[in-house]
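My notes follow in the order I took them.

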Amino acid sequence: MKSHSSTPDKHITRNRRSAWAVRGELPRSVGLALAVLGFLLPFIAWCIVSASSWVDPVFMPTPLKVLLRTFDWWMNDELTSDILISVERVFGGFIASAIVALPLGVMIGTFAPARSLLEPLTDFSRYLPAVAFIPLIMLWVGIDESAKITVIFVGTFFQMVLMLAEDVARVPNAAVEAARTMGATNGEVVKLVLLPAARPAMLDTLRSCMGLAWTYLVVAELVAANSGLGYSILKAQRFLQTDKIFAGILLIGLVGLLTDQAFRWLHRTSFRWHYLRS
């Protein structure tokens, strides 16, 4: 006589957590719809306000007028060149900052003497506004492209160093102690334990600092620029071309969003295991 097994059904699937639960889940289609709605709501509010008589059109142009100005900018005023120049400046400052900040951040997050020596100074320096350095940058570096890149470097560097140091410091001590027990040297602990464990967080930090670099673009293009999105916004302000100011701001946001999504794709591609759910 056969006994009936009480083993659970292999085909039972895990229940999806409620959307409003802590760290709840949404179907992908619903998440995408909500993301689109998040963009549509302020756009609809803009359409309503600009089409009404509440605000002078000089100060709040309609979306159609901004779109037409963008098209005219592209056809007659070298919009593509302005975008490429601004991208070069942002990436130049960001890459220069990352090249210096990565080793310093790892040192501060790993070694107590480096942390004691460098962290207080870096913590102080991050509160110094980058715009205040512009006169010194013009004296020391000049007014060519290197000055604009330097402004973005100053604006992102100190924050990047401290955030990278924190990423390394957050690696659990248990992993470090286990490596020491097996006879690993300091260099091996850094190379084989700290860096692999901290890499996902470090890439997220670089992604955040790239966003910060874009916010300093207009400041950087205060330095004797004659091209770029930030320069075009400042020039439009002098002639009260509010539609072009809107266009420039939206274009900076769009290009910044594209770079952010590129970093997100790189993170998901490089650390697939980080997104596995139990």
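**Salt bridges.** I find eight salt bridges in the structure, each a side-chain nitrogen of Lys or Arg within 4 Å of a carboxyl oxygen of Asp or Glu. I looked up one of them: Lys 244 and Asp 77 meet through their side chains at 3.0 Å, N to O. This pair joins distant parts of the chain, 167 residues apart. Lys 244 sits in helix H11, Asp 77 in the loop between H2 and H3. Helices here are DSSP runs (H or I, at least four residues), numbered from the N terminus.

**Ground rules.** The model is predicted, so I note that local features need pLDDT of at least 70 and side-chain atom pairs pLDDT 80 or more, while totals for chains, interfaces and linings use all residues. Numbering starts from 1 along each chain as its sequence is written, and side-chain values use heavy atoms, without hydrogens or water.

**Confidence.** Mean pLDDT (the predictor's confidence in each residue, from 0 to 100) is 87 for the chain, and 93% of the residues score at least 70. Residues 1-13 fall below 50. Beyond near neighbours in sequence, I see zero contacts for this stretch, contact meaning heavy atoms within 4.5 Å.

**Largest pocket.** I get about 540 Å³. A pocket is an open set of points on a 1 Å grid over the protein atoms alone, where a 1.4 Å probe fits, with protein on both sides within 12 Å along at least five of seven lines; lining residues have an atom within 4 Å of a point. The volume is the space filled by probe spheres set on the points, which are joined across faces, edges and corners. There are 14 lining residues, with Arg 28, Gly 31, Leu 32, Arg 264 and Arg 268 closest to the centre. H11 gives the most, five residues. By class I count six nonpolar, three polar and five charged. Nonpolar covers Ala, Val, Leu, Ile, Met, Phe, Trp, Tyr, Cys and Pro; charged covers Asp, Glu, Lys and Arg; the others, Gly among them, are polar.

**Second largest pocket.** Its volume is about 450 Å³. Of its 15 lining residues, Phe 39, Trp 46, Leu 250, Leu 251 and Leu 254 lie nearest the centre. H11 again supplies the largest share, seven residues. The lining has 13 nonpolar, two polar and no charged residues.

**Helix packing.** H3 (residues 79-110) and H4 (residues 112-125) pack at about 115 degrees, axes 6 Å apart. Axes are lines fitted to C-alpha atoms over the stretch in contact, and angles run from 0 to 180 degrees between N-to-C directions.

How values were computed: Helices (H or I, at least four residues) and strands (E, at least two) are DSSP runs, numbered from the N terminus.
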